[in-house]
Amino acid sequence: MPLPPEVSVEEAAIISCAVTTGIGAVRNTAQVEAGTTVVVAGCGGVGQAIIMGLVQAGAEQIVVIDRSQAKLDLAMELGATKTALAFDSSQKVQALTTDRGFDYAFDAVGAPSVTEELSQLLGPGGKLVLVGMPAKGAHASFETWSLVGRGITILGSNYGSSVPHRDFVELAEARLSGALPLAKLVGERIQLSDAATAVQNLPKAEGPRSVVVFSQADGP
């Protein structure tokens, strides 16, 4: 089913990737409930979409962790309630919620060390949601007694557990209703000729998603 024509090409592009992955992880994989506390590690395009999904779900507290202060500032604009730089101690992050720990933790990074640390921030019955794509062969280590004792659930989320022909349209409709301000996630417009440079700059990317803009001159 085609998306409504009122949705811009740039918004459609991010719906097909980061938005479906992030919001789908909240809606489909974790099925986050209203009034819960959540920590999100990683505030790139997928992490930004996770925040939007959590706001829609009615999460009471959304704590976001990232290395970039600029991305944390954007997280607050998107609905995060508190932020912490990635090099802050886990004890400091834990202090941002109650002594009980978080109800949900979303790993939008995919690094084993991040996954391990997030598992320690969860309270009884908490859910650890793995959204960021790890390297093949990567391993994370957990104290199994602690996971069992706290009743922790670990969920893998591939592309937000989405059904594209259903979810794309629902996300587009949410955008048109004003419930999903996708324009906030669209950053720099890049010409196709500059795409290679943009890829090289990904490790130091800041802010919203960059979008490659094609023109008729770029065609065969």
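In which helix does alanine 57 lie? Alanine 57 belongs to helix H2, where helices (H or I, at least four residues) and strands (E, at least two) are DSSP runs, numbered from the N terminus. The structure is a predicted model, in which local features need pLDDT of at least 70 and side-chain atom pairs count only at pLDDT 80 or more, whereas totals for chains, interfaces and linings use all residues. Residues are numbered from 1 along each chain as its sequence is written, and side-chain values use heavy atoms, with hydrogens and water left out.

Alanine 57 has a relative accessibility of 24% and therefore counts as partly exposed; buried means under 20% relative accessible area, exposed over 50%, and partly exposed in between (1.4 Å probe, protein chains only). Leaving aside residues up to four places away in sequence, alanine 57 touches Val26, Val32, Glu33 and Ala34, a contact being heavy atoms within 4.5 Å. Alanine 34 stands 23 residues from alanine 57 along the chain, and their C-alpha atoms are separated by 5.7 Å.

Helix H2 also has a helical partner. Two packed helices are described by the angle between their axes and the distance between the axes. The axes of helix H2 (residues 45-57) and helix H3 (residues 69-78) come within 9 Å and cross at roughly 25°. H2 is therefore roughly parallel to H3. In this scheme, axes are lines fitted to C-alpha atoms, for helices over the stretch in contact, and angles run from 0 to 180 degrees between N-to-C directions. Angles under 35 degrees count as roughly parallel, over 145 as roughly antiparallel, 65 to 115 as roughly perpendicular and the rest as oblique. The crossing of H2 past H3 is right-handed, meaning that the near helix is turned clockwise from the far one by less than a right angle. H2 contributes Gln48, Ile51, Met52 and Val55 to the contact, and H3 contributes Leu74, Ala75 and Leu78. By class, this contact of H2 with H3 has 6 nonpolar, 1 polar and no charged residues. Here Ala, Val, Leu, Ile, Met, Phe, Trp, Tyr, Cys and Pro count as nonpolar, Asp, Glu, Lys and Arg as charged, and the others, Gly among them, as polar.

Attention now turns to charged pairs. The structure holds 4 salt bridges, each defined as a side-chain nitrogen of Lys or Arg within 4 Å of a carboxyl oxygen of Asp or Glu. One of them joins the side chains of arginine 27 and glutamate 170 (3.9 Å, N to O). Because arginine 27 lies in helix H1 (residues 9-30) and glutamate 170 in helix H7 (residues 164-177), the pair ties together parts that are 143 residues apart in sequence. Arginine 27 is partly exposed at 33%, and glutamate 170 is partly exposed at 36%.

Another salt bridge links aspartate 103 with arginine 100 (2.9 Å, N to O). Aspartate 103 is buried at 18% relative accessibility, whereas arginine 100 is partly exposed at 44%. Aspartate 167 and arginine 166 also meet in a salt bridge (2.6 Å, N to O). Aspartate 167 is buried, with a relative accessible area of 6%, while arginine 166 is partly exposed at 34%.

Two loop residues complete the account. Glutamine 31 is not a glycine, yet has a positive phi of about 50°; glutamine 31 is found in the loop between H1 and strand E1 (37-41) and is exposed at 54% relative accessibility. Tyrosine 159, likewise not a glycine, has a positive phi of about 55°. Tyrosine 159 sits in the loop between strand E6 (153-156) and H7 and is partly exposed, at 27%.
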